[in-house]
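Here is a short briefing on charged pairs and a surface patch. Please look over the sequence and the model before reading on.

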Amino acid sequence: MAQINELIPFNTACDEFVAGKYILADLKIASILKIIASDDKLKDIISSCLDTYDFNTSFNRAVREEKDQLILNAPSNDKDIIAFVFSLLYRFDNKSFDFYEFLSKFYKNPAEVQGKEFYNFANALIIPFKNAVNNMYSKRHVLVEADDYQKNYYNRIMTTIRLIAKNVDTYKLKMNEKEEFTMLLNSLFVASEKNDKKLVYSLMIGLDYFSRANKRTRNAYSSLEECFE
């Protein structure tokens with residue numbers, strides 16, 4: 001995967017964690033979280049993955065016992081791995097989970113040399129987390145420069161908006177909510193007509209927040225998100 005310039009600080013922090021030392025893990029975790037907190041696009045991605053996510057249920061489902069050893073089966077799809085790993089890192093950072101006890105419990109294999117648990121954790125969770133964030137970022141915020149691709153990309157958005165607008169009454173919004181929703185859709189349509197990448201991104205953020213406050217429209221927002229794939 002090509003390096004995305006905006007993600008260099010995040011990718012570097014993840015790489016430094018993987019290549020780092022066991023005793024410095026707390027600092028590396030804090031560094032990853034600090035970079036996420038300082039980047040609006042990264043926060044937007046993390047927030048969308050955490051929306052309606054139940055960490056406790058997911059964590060309990062991920063744990064199984066095999067040959068007297070606890071195994072953690074992390075999720076495989078991008079959205080779930082982001083929510084799962086971010087939730088873990090957040091708990092390590094605020095000390096509600098002890099990182100070193102966690103490694104010993106889930107990643108220490110008696111048949112392996114001492115210290116391998118850190119390597120196992122990094123490869124099982126941090127590397128997939130990094131890759132998943134890069135995948136979602138490229139789908140949502142990076143437009144390929146080829147003219148034909150961009151035209152298809154914007155055409156998909158406009159086609160989806162026409163369909164949503166045609167069925168706007170099915171969302172059963174109040175009059176002021178309907179007006180705001182329609183205004184956002186119309187603005188996104190115009191931005192797509194003009195191939196205005198920055199404005200499209202900004203309006204998608206606005207629609208994301210709107211749909212979280214007005215859950216009936218969440219499916220409409222999801223259908224627009226799919227246009228980025």
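**Salt bridges and a nonpolar patch**

Lysine 178 has a relative accessibility of 27%, so it counts as partly exposed. Its salt-bridge partner is aspartate 169, at 2.7 Å from N to O. The model is a predicted one. It holds eight salt bridges.

**Aspartate 169 and lysine 178**

- The aspartate 169 side chain meets that of lysine 178 in a salt bridge.
- Aspartate 169 is exposed, because its relative accessibility of 55% lies over the 50% cut-off.
- Lysine 178, at 27%, is partly exposed, as its value falls between the 20% and 50% limits.

**Aspartate 40 and lysine 43**

- A salt bridge links aspartate 40 to lysine 43, with 3.5 Å between the closest N and O atoms.
- Both residues belong to helix α3, which covers residues 40-50.
- They sit three residues apart there, so about one helical turn separates them.
- Aspartate 40 is exposed, with a relative accessible area of 57%.
- Lysine 43 is partly exposed, with a relative accessible area of 37%.

**Arginine 212 and aspartate 208**

- Arginine 212 pairs with aspartate 208 in a salt bridge, and their closest N and O atoms are 2.8 Å apart.
- Helix α10 (residues 197-213) carries both residues. They are four residues apart, about one turn of the helix.
- Is arginine 212 buried or exposed? Arginine 212 is buried, since its relative accessible area of 18% is under the 20% cut-off.
- Aspartate 208 is buried as well, at 0% relative accessibility.
- The pair belongs to one network, in which salt bridges with shared partners join Asp51, Asp208, Arg212, Lys215 and Arg218.

**Nonpolar surface patch**

- Which residues form a nonpolar patch on the surface? They are Ile23, Leu24 and Leu27.
- Together these side chains account for about 320 Å² of accessible area.
- Isoleucine 23 lies in a loop. That loop runs between α1 (8-19) and α2 (25-37).
- Isoleucine 23 is exposed, because its relative accessible area of 67% is over 50%.

Notes. Residues are numbered from 1 along each chain as its sequence is written. This is a predicted model: local features need pLDDT of at least 70, side-chain atom pairs count only at pLDDT 80 or more; totals for chains, interfaces and linings use all residues. Side-chain values use heavy atoms; hydrogens and water are left out. Patches are made of residues with over 30% relative accessible area and no salt bridge: like charges are joined within 9 Å, nonpolar side chains (Val, Leu, Ile, Met, Phe, Trp, Tyr) within 5 Å. Accessible areas come from the Shrake-Rupley method with a 1.4 Å probe; for residues, only the protein chains shown count as cover. A salt bridge is a side-chain nitrogen of Lys or Arg within 4 Å of a carboxyl oxygen of Asp or Glu. Helices (H or I, at least four residues) and strands (E, at least two) are DSSP runs, numbered from the N terminus. Buried means under 20% relative accessible area, exposed over 50%, partly exposed in between (1.4 Å probe, protein chains only).
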